[in-house]
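Subject: Structure handover

Hi there,

Here is the structure I promised to pass on to you. Have a look at it first, and then read on for what turned up in it.

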Amino acid sequence: MPGKLSEIKGAVHADLRHDSAHKHVAGNAVYIDDLPEPKDMLHLYVAMSEKAHATIEKVDLDAVRSAKGVALVLTAGDIPGHNDVSPFAGDDPLLAEKLVEYIGQPIFAVAATGIEAARAAAEKADITYREHPAFTTIDQAMEAGSAIEPMQTMGQGDPDAGLAGAPNRLQGSFRIGGQDHFYLEGQIAFATPQEDGDVHVYSSTQHPSEVQHLVAHVLGRPTNAVTVEVRRMGGGFGGKETHPAIFAALSALAAVKTGRPVKLRLDRDDDMAMTGKRHDFRYDYDVGFDNDGNILGIEIEMAARCGRSTDLSPAINDRAMFHADNCYFLGHSRIKSHRCKTHTVSNTAFRGFGGPQGMLGIEYVIDDMARVLGKDPLALRMANLYGEPGRDVTPYGMTVKDNVAGELMETLARDADYAARREAIRAFNENNKFLKKGMALTPVKFGISFTTTHLNQAGALVHVYADGSVHLNHGGTEMGQGLFVKVAQVVAEEFQIDVDHIKITATTTAKVPNTSATAASSGSDLNGMAALDAARNIKGRLIEFAADKYDCPKDRISFRNNNVYIENKEIAFADLVNQAYLNRISLSATGFYKTPKIHYDRASHKGRPFYYFCYGAAVSEVIIDILTGENRVLRTDILHDVGRSLNPAIDMGQIEGGFIQGMGWLTTEELVFDESGRLRTHAPSTYKIPTASDRPDEMNISLFERGRNVEATIHRSKAVGEPPLMLANSVFLALKDAVASVGDDTCVPTLNAPATAEEILMAVSDMQKKAAE
Amino acid sequence: MAASNTIRFLLDGNLHEIENPDPTETILNHLRYTMARTGTKEGCAEGDCGACTVVIGELDDDSIRYRAVNACILFMPVLDGKELITVESLRASDGALHPVQQAMVDTHGSQCGFCTPGIVMSLFALDKKNKNADGNAIEDALAGNLCRCTGYGPIIDAAKQILGSAATENSGGLKARVDALKKFARHQTLELVGRNALTGTTKKYYAPVSIDGLAEVVEQHPNATILAGGTDVGLWVTKQHRELETVIYIGGVSELQEIEDHGDAIDIGAGVSYTDAMDKLGALYPDMGELIRRIGSVQIRNSGTIGGNIANGSPIGDSPPALIAVGATLVLRKGSSERTISLEDYFIDYGKQDLRTGEFVARVSVPKPKANQHFRAYKLSKRFDQDISAVCGCFGLTIEGGIVTDARICYGGMAATPKRASHAEAAITGKPWSEETARAGMKAMEQDYIPLSDMRASADYRLMSAKNLLMKAFVETTSSAQTRVLARGEAGNAG
C-alpha cells in the first residue's frame, strides 16, 4: 500500500537544520581563505586614495615594483579590457585613472609573495594629488546639485489640495544613518589561471554571474573564459552583491598576467573603507490630517547619500519610495527622491535595499502626528492602514490584495498586552525622575520581487545518478540564510526521497548561467521554483518510462517515501532510477522560473513591481537614562508572516537575526565620516554592531499561523530575508516614545537614527528646553 | 641557567616545539597558514570580533585553568609552557561532536558559520569555568564574539543546553596533560632571535621568569616594547604593521602575577589580568568590578592586564580613572630600586608618562574603602559590552554627617590623560551633600575639561554627560531612586 505523505526526512515545511551546521561547529566548513594555498600563490594588496576628490598629478610606482617579493603591480593602464566594474552604469573604474572620488578608492594593486610584502611595497608609492572641493554630506551635495541621476517623483491624487484642506498640518525632518554590513568574513577572491588565458575565480559573492561578466569585461574576454564559484559566504547582507567584482577582477587580472594563483583578502579596515554601505537619508515631510489622525495629504522628500557612483542606487532609492507608504494608505501623496552624489564610498545594497529608510520615515511621521493630537501612535497606525477598495492602491498604482497587517497588529497588541503595558509605562515614568520607558508597535509590509523586472528569473540543474543519489545546483548562493537546505527540501519533497540523498553543491557559473543576485529576499522563491522545475522534468521522464515499462497509466504512478508506486507495485526510487538509466533515459535536467504577473514602468513610476507583500509586526519596550542617554530594549514581541514556511526553524533564525541587525542600525551602529570624508569607524573597535547582551531581555517571536501566500509561490511560502529587519523600527519608535515622555503631552521630539546614547541625551535635552518654554 | 630559545606547547595531547619562532607572528596566522588549521577565523585582527577565539590552558597546581583568548593578537611565544585548544581539538577521536558543538547544531546556533568556531570555543571555556553561569554570565561570555546573522538567541540557548548537562571533562586525559605541562615548565629566561624575512632585520624576544631577571633585561634594552597581555601591543603589529625589534614579555614573571593583601590596601602585580583583578577589586568596590567587566570582552580580560592599562598611558583606559578616584599608588622599578608615586602623577600628558629609562611598572597599590567612603564608576559608550569609553567617570566621595569631607573625581575620555576634576572637587568639598552642591560641582566641572569630538562622542555630549554623572552619583549616594538601565549587582540602583 502506498504510505502516507511526509514520511521522508527533510520534506518541505520541516524544521531542518542548516545543511552546513555540523561543519560550521566542527570548524571544517570551508571558506575561501581556508582553501589550501598553492606554493606559488601571490597575495594582492590594494592601495587606496588618500583624498576624497582629487586629480592624480603623478603616480611613481618604481620603488613599489622593485620592492622585495613583488611580482606585479597593476594600474589602470594594465587593464586589457574595460576599466569598469559597475553593475550597469559604467561609472565604477576598477582602478582610478586621473580622478579619485573617495578616500579608499583603489588606485593600484601589488601582487607579492606575501601580504606583508605587498603592503610594505605599496607604502613606497609616490603619488601627488591636486585636491578639489569635496561634497561628503547629503546637505553639501543637495546644495551643489550633485546627483547620480535626476530626482524621481511618485504619487497619486492631489497632494497640494489634500494638504491645503486638512484641519491639521505638520512639517518635520530627521536623519537616518547608514550601516556597514559587517559580514564576519571580509571580501575575498582567489583566482587561478587556466589554459587559453581563461581564469577560475573563487569569489565570496552573492552574484556570481555579475562577477563573471565583469571579470570578463575587465580582461577583455568573452564571458565563457571566466568561471566563478562560491560554496558559501561568511555573511553577505547585500554587501557582496556588486563590490566583490572589484576583488575578483583584480585577482583574475593578476593571475592571468603572472600565470600564478592570486589571493586578495581584504583586511577589515580596508574592507570598511573601500566598500559601500547602507545609504544614509535626510527625510522631510509635510502632512495634512484630520482630528482622528487620518492622513489627508502628504508630501515626502527623501535625499540619500549614494556616494561616488551609481552602483545600485537608482533601484535602492526606488525601493525607498515603494516603501514610503509602509502599510498605510497615503491617498493624495507626492514622494520625491533625491539621489545625491558625494565624494564618499559608493553606497550599495543592504538587507532591505532602501525599504527600511522609506518605511522608518512614514512611521516617524505618524508618530509625530500622534504627538500633536495627543493620541496613542498605535491608534493612528491602525486608522491609516490599507483597507477596502478606495483605500487599497499604493502611490505606485499597485492594488494591495494580500493585506494582513491589521490582523497581525491586533493579534500582537492583544498577545503582548499592549494596553496594560502602556498604562504601566505611564505610571513608571511618573514615578521615575531619571529613567523613562517607551513602547511602540510598528508593522512591516515589504514588496517581494526585484523591481527591475527582468532580474526575476532563475535556473537550476539537477542530476540523478544511476544509484539514485541526486546532485542539486542552482543559481542562488548560500550566505548563511539557509537557502541551500530549503531548495534541497523542495527537491526532496518532489522526488519524495530523504534529503540526505541530495548533494548540495557550490554555486558556479559553469553549471547555471545568467543568474540574478541572491538578493531582494528572492533566493528560495526563485531558485526553489527553478529546482522544482528541474526535478519535475526528470520525474516526468521517470513516470513516462515507468508507464511504458509497466504498462500503467501515468496518473496511477506516484512517488512517496523513497519509493515509486506503480499502481500497487512498489519500487525503490533508486531501483527505478537504475532501470531508467539502463533504458537510456536522461536523468539530468535544467529548470527555469520567471516570476509571473509583474510589470513596471519606471518613467511614470506606475505598475505592479511586486508579486506579493510580506507582513509582520513588532512591539518593543525600552528604557532610557535621561542623564546619559544610555538605553536598553527590555522586551520585544514579534508576529511575522512567512506564508507556509519551507523551514520554520530557518525562518525563525532569519526573523531574529534580521530584527537584531535592524536594531543595530537604529541604535549603536554609527558611521562617522570626518570633514575630509574619511571614515573614522572602520573596524569593530569603533563600529559597534549588537552583541549578545544587546538582545532584548525578553524576546517572543511567533510565526503567523494562518500565513499562506495568496500567490502560487513555492509551496505557498513567503520570502523572509529582508522584511524582519524593519521590525526593528519598533525599537526606534519606542526610544522616541521614551524621549517624548520627558516633555509635555503634545511636544514633538526630534530623534535622528541611529539613536545612540548621545543622540538620545541631546533629544532629551531638547525636549526639556521645549517643555520649559 | 642558560636561556632557552625554544617554545613548547601542548596541542591535541602532542608536544609542539618551535625553535626561534618569529616573535611577533600571531597564533592565528600560525594556525591558519603554517599548520593549516583553518577552523579558527580572522574577522578583524584586533581582538574585537572573536572569530579567532581559542582556549589556552595554564597549569594551576594539579589542574589546568582554561581561558578563552583572541588568537589574532597574541604572539606565538606566549604559548610557551601552555596548552592550546582550537575548534579542531574538540571532536572525539571517533569524529563525534563535542557537547558544545552539538548544542550549537541542535539550537540552530549557526547561520553563515564564520563566527561559529569562535563561539564554540567561548562556550567551551565557559563550560569549563562556570557550570552555574546565569543569563548575565552567558551574555558576558559571548560579549567578545560578534555574530551578524543569528541575533544571538539560539547561541544563548546552546549555552543553556550545555550548562545544564553533565560535566564533560575526562579526568584521565587531564592528568596526562598536567604532567606534560609540568614537564616542560620553564625556569630560565626564554630568549628568541627571529628574523624579518622581508627586511632582514633581527627581532628579539625575552621572557624572563623573575622580577630581578626582568629588571636586568629592561635595563639592557631600554627601548624594548614591554609586552603583558598583548591586547594593545598586538594591534601595533596587526593593525599598524609596526616592526617590534625587541619585545620583553612579563607574563612569565611570577612576582608580577601576584595579588597581595596588605590589610589596608591590595597590591596588584603588573602582570595580573583583568579577569583575576576583577573579582578582587569588585569585592572592595562593586562598581570597579563592573567597570572592569566592561573592559573589552572575556577574551581581552583574560589576556589584558591592569598594569598594561596603566602603563600604556591611554586617556581612555578604564581602570586608571577608577584607581585614581580611590587614591591608588603606582610602584615603578628600575634595576634593584623601586619608587612609589600617586597614580595620577604617572600621567603627564598625551603619550607622556612619568617613566624613566630602564624603568617599568611593577604593581599598583589600591587602598581599601574607608568609613563613609562611596565609590561610583560610570562608563558611557555606544555599546554596553566590549566597547571603549566615550566618557568614564569615577567618584570617590567621603560623606560624613551629610558633609562632603573628601572628593576624588576622575574622568577618562575628557582630556589627554585620565584627569581629576579639581574644580568640581573643590566646589563640593566641605559642603553639605545636596542637590545644590551637586549642581555647583557640575557647573565647576566646565572649568575642568575641554573635551574633544571624535568618532565616539562629541565634545558637547562628553561635557554634558560628564556633568550629569555627578548628579547621578549624588542621587545614588543619597536616595534609592532607580538610576541605571543596565544593572548587574554593582552599587547602582537597578532600573
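This is a predicted model: local features need pLDDT of at least 70, side-chain atom pairs count only at pLDDT 80 or more; totals for chains, interfaces and linings use all residues.

Leaving aside residues up to four places away in sequence, Ala249(A) touches Val85(A), Leu94(A), Leu214(A), Val215(A) and Val218(A). Ala249(A) also belongs to the largest nonpolar core, which has 361 residues. Val110(A), Val215(A), Leu250(A) and Ala252(A) join Ala249(A) as the residues with the most contacts inside that core. Helix H7 of chain A, residues 244–258, contributes the largest share of this core, with 11 residues. As general background, nonpolar side chains in soluble globular proteins tend to be buried together.

Next, a strand of chain A. How many of the residues of strand S5 (residues 106–112) of chain A are buried? The count is 7 of the 7, so S5(A) is largely enclosed by the rest of the structure. Strand S1 (residues 42–48) of chain A is joined to S5(A) by 6 bridges, and the two run antiparallel. Within that pairing, Met48(A) has Pro106(A) as its bridge partner in S5(A). Strand S3 (residues 70–74) of chain A also pairs with S5(A) in the antiparallel sense, over 4 bridges, and here Leu74(A) stands opposite Ala109(A).

On to where the chains meet. The contact between them involves 73 residues of chain A and 64 residues of chain B. Several elements of chain A each supply at least two residues to the side that touches chain B, including helix H1 (21–26), helix H3 (115–122), strand S27 (612–625), strand S28 (631–640) and helix H19 (757–772). Which helix gives the most to that side of chain A? H17(A) does, with 7 residues. By residue type, the side of chain A that touches chain B divides into 29 nonpolar, 25 polar and 19 charged.

Two of those strands, S27 and S28, also sit in an open sheet of 4 strands in chain A, with the order S16-S27-S28-S29 and mixed pairing. Strand S16 (435–448) and strand S29 (698–703) of chain A stand at the edges with a single partner strand each, so one side of each has no neighbour in the sheet. On average, neighbouring strands of this sheet are turned by 15° against each other, direction ignored. S27(A) and S28(A) run antiparallel and are joined by 9 bridges, with Ser620(A) opposite Thr636(A) in S28(A). H17(A) lies across S27, S28 and S29 of chain A, and runs at about 135° to S29(A).

Now for chain B. It is divided into domain 1 (6–88 + 176–249), domain 2 (99–167) and domain 3 (373–478). The C-alpha centres of domain 1 and domain 3 of chain B lie 39 Å apart.

Helix H2 (residues 99–106) of chain B is mostly covered, with 6 of its 8 residues buried. Those buried residues are Pro99(B), Val100(B), Gln101(B), Ala103(B), Met104(B) and Val105(B). They pack against H1 of chain A, together with helix H3 (116–129) and helix H5 (153–163) of chain B. Just after H2(B), His108(B) takes a positive phi of about 60°.

Strand S17 (residues 373–380) of chain B has 6 of its 8 residues buried, so S17(B) is largely enclosed by the rest of the structure. S17(B) runs antiparallel to strand S18 (residues 391–400) of chain B, and 8 bridges join the two. Tyr378(B) stands opposite Gly393(B) in S18(B).

Finally, chain B has an open sheet of 5 strands with antiparallel pairing, in the order S10-S11-S16-S12-S13. Strand S10 (259–261) and strand S13 (337–342) of chain B are at the edges, each with a single partner strand, so one side of each is left without a neighbour in the sheet. Neighbouring strands here are turned by 25° against each other on average, direction ignored. Helix H9 (residues 274–284) of chain B packs on this sheet, touching S10, S11 and S16 of chain B, and its direction makes about 20° with that of S10(B).

Terms used
Residues are numbered from 1 along each chain as its sequence is written. Chains are lettered from A and ligands numbered from 1 in the order in which they are written. A nonpolar core is a set of buried Ala, Val, Leu, Ile, Met, Phe, Trp, Tyr and Cys residues joined through C-beta atoms within 7 Å. A residue is buried if 20 or more other C-beta atoms lie within 10 Å of its own, exposed if 12 or fewer, and partly exposed in between; C-beta atoms are placed from the backbone. Two residues are in contact if their C-beta atoms, placed from the backbone, lie within 7 Å. Ala, Val, Leu, Ile, Met, Phe, Trp, Tyr, Cys and Pro count as nonpolar, Asp, Glu, Lys and Arg as charged, and the others, Gly among them, as polar. Two strands pair if DSSP finds at least two bridges between them. Axes are lines fitted to C-alpha atoms, for helices over the stretch in contact, and angles run from 0 to 180 degrees between N-to-C directions. Domain bounds come from an automatic or database domain assignment.
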